[in-house]
Amino acid sequence: MTNPVFERIETDINANPVVLFMKGTPVFPQCGFSARVVQILSHIGVPFKGVNVLEDMEIREGIKAYANWPTIPQLYVKGEFVGGCDIIMEMFQAGELQSMLKEKGIPVSAEA
Amino acid sequence: MQTRASRIQAALDAAFPGSRIEIEDDSHRHAGHAGAQPGGETHYSVLMVSPAFAGMGRLARSRAVHAALAAEFEGGMHALALRLLAPEEAGPKG
């Protein structure tokens, strides 16, 4: 817990209800897995902050250690790690992503 | 020389005995993309049906597989798509 980058990560995930650590930006994702999660979040109308790990080597490595998760993208809701691309996709298809977000007080668009 | 796919297979067989394991090397589909390497062996998809996953949540299942494959991540594996099912979730063909 001595890693100084963890503090930066925590500042981000505590200041924003939904944060996606990704490659590229929500408008220009630079990885298919990141793009898929952006697509799902956009589809269900959830505003989120995208953090481009390609612009910040420290965050890119730090986020893997922080979540003990070896890959990017990583989605955080209310400060908590939810999963990467596969898990978000499975949760979305099962309707669990939408219900989890609603439970945490994050509005989801009605038709999703 | 052993391929990464065969090492993945061996590591998963050892960590999750009695599982159905399907591994695909998707590296060619990511050629030229960040993380891809000239020799390939960077991007994989794994489907596993294992009794070990019964009663485990999604994060726990993935973490268990990541742990079994830690050496491959350290050795340059860039992406691992996972579909991890317990036998009762896989349907009759599972």
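This is a predicted model: local features need pLDDT of at least 70, side-chain atom pairs count only at pLDDT 80 or more; totals for chains, interfaces and linings use all residues.
Residues are numbered from 1 along each chain as its sequence is written, chains are lettered from A and ligands numbered from 1 in the order in which they are written, and side-chain values use heavy atoms, with hydrogens and water left out.**View 1. Chain B meets chain A.** Here 15 residues from chain B and 19 residues from chain A take part in the contact (heavy atoms within 4.5 Å). The two chains bury about 1,400 Å² between them, 56% of it on carbon and sulfur atoms; buried area is the accessible area (1.4 Å probe) that two parts lose on being put together, summed over both. Arg58(B), Leu59(B) and Arg63(B) provide 42% of what chain B buries against chain A, more than any other three residues.

View 1. Three salt bridges are found between chain B and chain A, each a side-chain nitrogen of Lys or Arg within 4 Å of a carboxyl oxygen of Asp or Glu. One of them joins the side chains of Arg58(B) and Glu90(A), at 2.9 Å from N to O. Six residue pairs, both at pLDDT 80 or more, are in polar contact between the chains. That term stands for a pair of N or O atoms within 3.5 Å; within protein, one must be able to donate a hydrogen and the other to accept it, and residues adjacent in sequence count only if both atoms are side-chain atoms. On the side of chain B that touches chain A, α2 (58-68) and β3 (79-85) of chain B each give two or more residues. Helices (H or I, at least four residues) and strands (E, at least two) are DSSP runs, numbered from the N terminus.

View 2. Is Ser62(B) buried or exposed? With 6% relative accessibility, Ser62(B) counts as buried; the cut-offs are under 20% relative accessible area for buried, over 50% for exposed, and partly exposed in between (1.4 Å probe, protein chains only). Leaving aside residues up to four places away in sequence, Ser62(B) touches Trp69(A) and Ile87(A) in chain A, and Leu82(B) and Leu84(B) in chain B.

**View 3. Helix α4 of chain A.** Within this helix (residues 85-93), Cys85(A), Ile87(A), Ile88(A), Glu90(A) and Met91(A) are buried. The buried residues of α4(A) pack against α2 (32-43), β3 (74-77), β4 (80-83) and α5 (96-103) of chain A, and also against α2 and β3 of chain B. Just after α4(A) comes Gly95(A), with a positive phi of about 80 degrees.

**View 4. Chain A in outline.** Five helices and four strands make up the secondary structure of chain A, in the order α-β-α-β-α-β-β-α-α from the N terminus. The C-alpha trace spans about 40 × 25 × 20 Å along its principal axes. Of the 112 residues in chain A, 48% are buried.

**View 5. Arg7(B) in helix α1 of chain B.** Arg7(B) is found in α1 (residues 4-15) of chain B and, at 28% relative accessibility, counts as partly exposed. Not counting residues up to four places away in sequence, Arg7(B) touches Gln2(B) and Glu72(B). A polar atom of the Arg7(B) side chain lies 3.4 Å from the backbone oxygen of Gln2(B).
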